[in-house]
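This report describes the interface between two protein chains and then selected features of one of them.

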Amino acid sequence: MMALPYITEHTGFTGTVYATEPTMQIGRLLMEELVNFIERVPKAQSASLWKNKDIQRLLPSPLKDAVEVSTWRRCYTMQEVNSALSKIQLVGYSQKIELFGAVQVTPLSSGYALGSSNWIIQSHYEKVSYVSGSSLLTTHPQPMDQASLKNSDVLVLTGLTQIPTANPDGMVGEFCSNLALTVRNGGNVLVPCYPSGVIYDLLECLYQYIDSAGLSNIPFYFISPVANSSLEFSQIFAEWLCHNKQSKVYLPEPPFPHAELIQTNKLKHYPSIHGDFSNDFRQPCVVFTGHPSLRFGDVVHFMELWGKSSLNTVIFTEPDFSYLEALAPYQPLAMKCIYCPIDTRLNFIQVSKLLKEVQPLHVVCPEQYTQPPPAQSHRMDLMIDCQPPAMSYRRAEVLALPFKRRYEKIEIMPELADSLVPMEIKPGISLATVSAVLHTKDNKHVLQPPPRPTQPPSSKKRKRVSEDVPDCKVLKPLLSGSIPVEQFVQTLEKHGFSDIKVEDTAKGHIVLLQEAETLIQIEEDSTHIICDNDETLRVRLRDLVLRFLQKF
Amino acid sequence: MPEIRVTPLGAGQDVGRSCILVSISGKNVMLDCGMHMGYNDDRRFPDFSYITQSGRLTDFLDCVIISHFHLDHCGALPYFSEMVGYDGPIYMTHPTQAICPILLEDYRKIAVDKKGEANFFTSQMIKDCMKKVVAVHLHQTVQVDDELEIKAYYAGHVLGAAMFQIKVGSESVVYTGDYNMTPDRHLGAAWIDKCRPNLLITESTYATTIRDSKRCRERDFLKKVHETVERGGKVLIPVFALGRAQELCILLETFWERMNLKVPIYFSTGLTEKANHYYKLFITWTNQKIRKTFVQRNMFEFKHIKAFDRTFADNPGPMVVFATPGMLHAGQSLQIFRKWAGNEKNMVIMPGYCVQGTVGHKILSGQRKLEMEGRQVLEVKMQVEYMSFSAHADAKGIMQLVGQAEPESVLLVHGEAKKMEFLRQKIEQEFRVSCYMPANGETVTLPTSPSIPVGISLGLLKREMVQGLLPEAKKPRLLHGTLVMKDSSFRLVSSEQALKELGLAEHQLRFTCRVHLQDTRKEQETALRVYSHLKSTLKDHCVQHLPDGSVTVESILIQAAAHSEDPGTKVLLVSWTYQDEELGSFLTALLKNGLPQAPS
């Protein structure tokens, strides 16, 4: 979502964007924070010459190792964010959205964050699931909807956990104990984080933990331009929360306990370190603030302020950035650094469980999931293992999905359906020939009964020949079956033909009507009527032959 | 013949105890399960014995849908599920699920504790009943079973009010519940897409009313309240705890703030604070403006409105009191009304519809001497005002919704028969759809003709569509194919494919006719003449002259040969298959007429 303005504002995109309400609201907050952080430190000029490959090569690391620098873009503005968000159409879980009558898309709960979705894209006969950023753990969002993913032809799987070896529950425990330890020793704790997401769970854990750990007098500060909005918004999306939290709303109570932390003044939130915060600031304390990359935002001030004392601790919980790289410019540091990344997204064990449950015909995933991570190449368990093997894709690569579309839905109008005459060809299989007018509108196909043949106008004026030319597009049915010669001859006799002579040939028979100079060749799969000028005779013979054949 | 059947058990030509049975494609759905405010006997609940005399309700109903939390739409639910016995799913929105049990409990308390009724449902029954509830999101498609699906739309009547679409295959019914087409101070307007249901079941409370603009009504309301408190009178506003109350509170709150008034405003019963809390937590269900500003200022945190205590009613001096329930049929609002009714300085403002039989209805219809319990006669001297703040759609709104949904037919419920009749004619005239208004227990049967969905092979479809797109195809084209019915799967494929799938061989039927032509030239020249003749006659067809001397028209082969006896005669052999029957027959006839004289 964070790159949305780049697509909607700079590529000539004119389509609709579908998202759930929490995704849009919280996405707006995240972007707003980012824009705010960036705009606080305006740059007088931006350098771009270094992006030249020849110059970049000569620069010190990490600049020289950066890839695709030419694609780097400036951060968008709030105006662009608002414009991008205005293109969003809000949808709810399990809502079926028709696209041009051709496909239906449906968001499903992915269990990872408030309003986070997996998507199903399906036509009447094919189903593609897009699974991204899903979680099977019980945290605050609605549990992942797995049942609806069943019977997929293709399942696109991405957004797995970045730290497949870490157990989120263990990490939360470590987080709490390190926090308590530091504070008890009179130090401060800094938690670089995003303003929404895991922070809700951390605050909930701390809510349960602080009394037992004797931390009730320690102030918790949450500093972000969107801190207040984030905390408020989290309380109003009851319908998108897990069952436990939903039932709280019925009481009615706020679903998240951070409301109580705020009420009892244990948790305070500020838009920035300036203003009220400087008056209220007490140490030791715990500060949650961004940005987790430690490159901008209020977190920079706290790193500068607390970095020199070994009493203080910085605890990394967001998995998006390498903590060693994040800390590099601040070295040497006296403060303690704890790394407990909390990533609740699917790990490989959960993936194989999910795939067993959902059983898609094919799995498609990014290339890196099909082999163990380069740093742990012996860990064969850290890759997707499924049958048939997952198809992988790479950046900017077009992948053809392995199914062939063979059928499309069409509706038969009731009047037409009534006129159909089914024939049982084999036990359990019936056939009916259909001749109908096809109407296609908005990619929906309807078969209507053919128009009644219009009576030829009885005017005596002879019409031009070309107008009498029959429309050869009126298709005759195909025929099948074979003609038993003896019965055919009997039928002919019954209809007044005499002087019938039957000759055997290599493949069948020839029926000769000597009087009419007409010859009928009958073989297993074909009949050939050869007659002269007599059209009425030909038509009579045709109808007799047709009696023995099935029409399709 | 497939059909949709609708039977109102309540709310048929009446307001109160909404309960409508719908059966669609063999699925039975009960819409709402309400109680009637006007009755205290058996008539207050719908007659569920209509559904089945002996069997269990669960076997007869596929699901129950509750549109919103007003008691005339959900009041009979615990009685229905726990005392009559129903164990199937009950669908409602999240806010309805949250608020419904509270109102039911309130209702139970008044009935049992105050009126001492026996054989009423218990608190535990309400809890058990709510366990059967499945909450739905707006626009979420809920699959009740493999065939039956339901979908909720925003109705804007009260917090969490929804309209429901019930769909089986290609047949669908939309039930509006109560709805409001004009956004108000706290809720948005009802909205539905052009879903073209077979039947739209709509409420028609204000079938004949076209209300003036909301703003005028608000100004009127504020003026009346203001005048009364200025001259020292007390204002009683009977409301239901949730809904109108919040809108009027927001209205008075902003007015008080603007005018800097000090006269106290009270809100009766403990429910209120809780109610406002629900609005805060379900703010996503309110209107755009409130949702946008809630972080800065939550509209449901009132500064001027305080909780009411029973003793305040005797306090001297002006005050404004919101008291429940809204129709003055019981509870606190009735108590206060009795205390204040004798003073002409006071005023009661009825902001909503009152059901027949309630005190509210009586005073609104002009009755000034009321017989109360114990033969007491209460003389009403206080001013009685009616302000239509009810969040129901008016006639214009109903027409608007019908236009939005484009139903094939309309059925009116939740209104008075006379008014319905007027609206019925209007709908039939304007939309040219049939419109029904059954009474309770009366069944409306609508035959439907569902089209049959089958799978068409993409090859056949594409072939037909490409040809259908050709500009010269002015005449409707006929699609020809074979419907293969195997077990329950229906597939439409091209005839060739059907034959192949079944392992049947095609039987070729061919015709060859000899046409004699008087022509002394060589065969090749005759063929050429035939070619140019046909080419000029059959402009729409593909006529070709092949290297071997034969001429083809589409797939029809024409060969010229010399006559064995007569050199002046040439024989044309015209040969075609059964599939080209018409054209072949036409060609022979055409050629028999001879060729035009070649230009010399």
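## Salt bridges and polar contacts

Two salt bridges link chain A and chain B, a salt bridge being a side-chain nitrogen of Lys or Arg within 4 Å of a carboxyl oxygen of Asp or Glu. One of the salt bridges joins K96(A) to E149(B), with 3.2 Å between the closest N and O atoms. Between chain A and chain B, 24 residue pairs are in polar contact, both residues being at pLDDT 80 or more. A polar contact is a pair of N or O atoms within 3.5 Å; within protein, one must be able to donate a hydrogen and the other to accept it, and residues adjacent in sequence count only if both atoms are side-chain atoms.

The model is predicted: local features need pLDDT of at least 70 and side-chain atom pairs pLDDT 80 or more, whereas totals for chains, interfaces and linings use all residues. Residues are numbered from 1 along each chain as its sequence is written, chains are lettered from A and ligands numbered from 1 in the order in which they are written, and side-chain values use heavy atoms, with hydrogens and water left out.

## Extent of the interface

Chain A contributes 93 residues to the contact and chain B contributes 86 residues, where contact means heavy atoms within 4.5 Å. About 8200 Å² is buried between the two chains, and carbon and sulfur atoms give 61% of that area. Buried area is the accessible area (1.4 Å probe) that two parts lose on being put together, summed over both.

## Pairing of strands across the interface

Strand 24 of chain A (residues 526–531) pairs with strand 26 of chain B (residues 508–518) in the parallel sense, over six bridges. Strands are DSSP runs (E, at least two residues) and helices likewise (H or I, at least four), numbered from the N terminus; two strands pair if DSSP finds at least two bridges between them. I530(A) has T512(B), in strand 26 of chain B, as its bridge partner.

## Backbone features of chain A

The bond from Q331(A) to P332(A) is cis, with omega near 0°, and P332(A) lies in the loop between helix 12 (323–327) and strand 13 (336–339). The bond between Q387(A) and P388(A) is also cis, with omega about -10°; P388(A) is in the loop between strand 14 (362–366) and strand 15 (391–393).

Q359(A) is not a glycine, yet has a positive phi of about 50°. Q359(A) is placed in the loop between helix 13 (348–358) and strand 14 of chain A.
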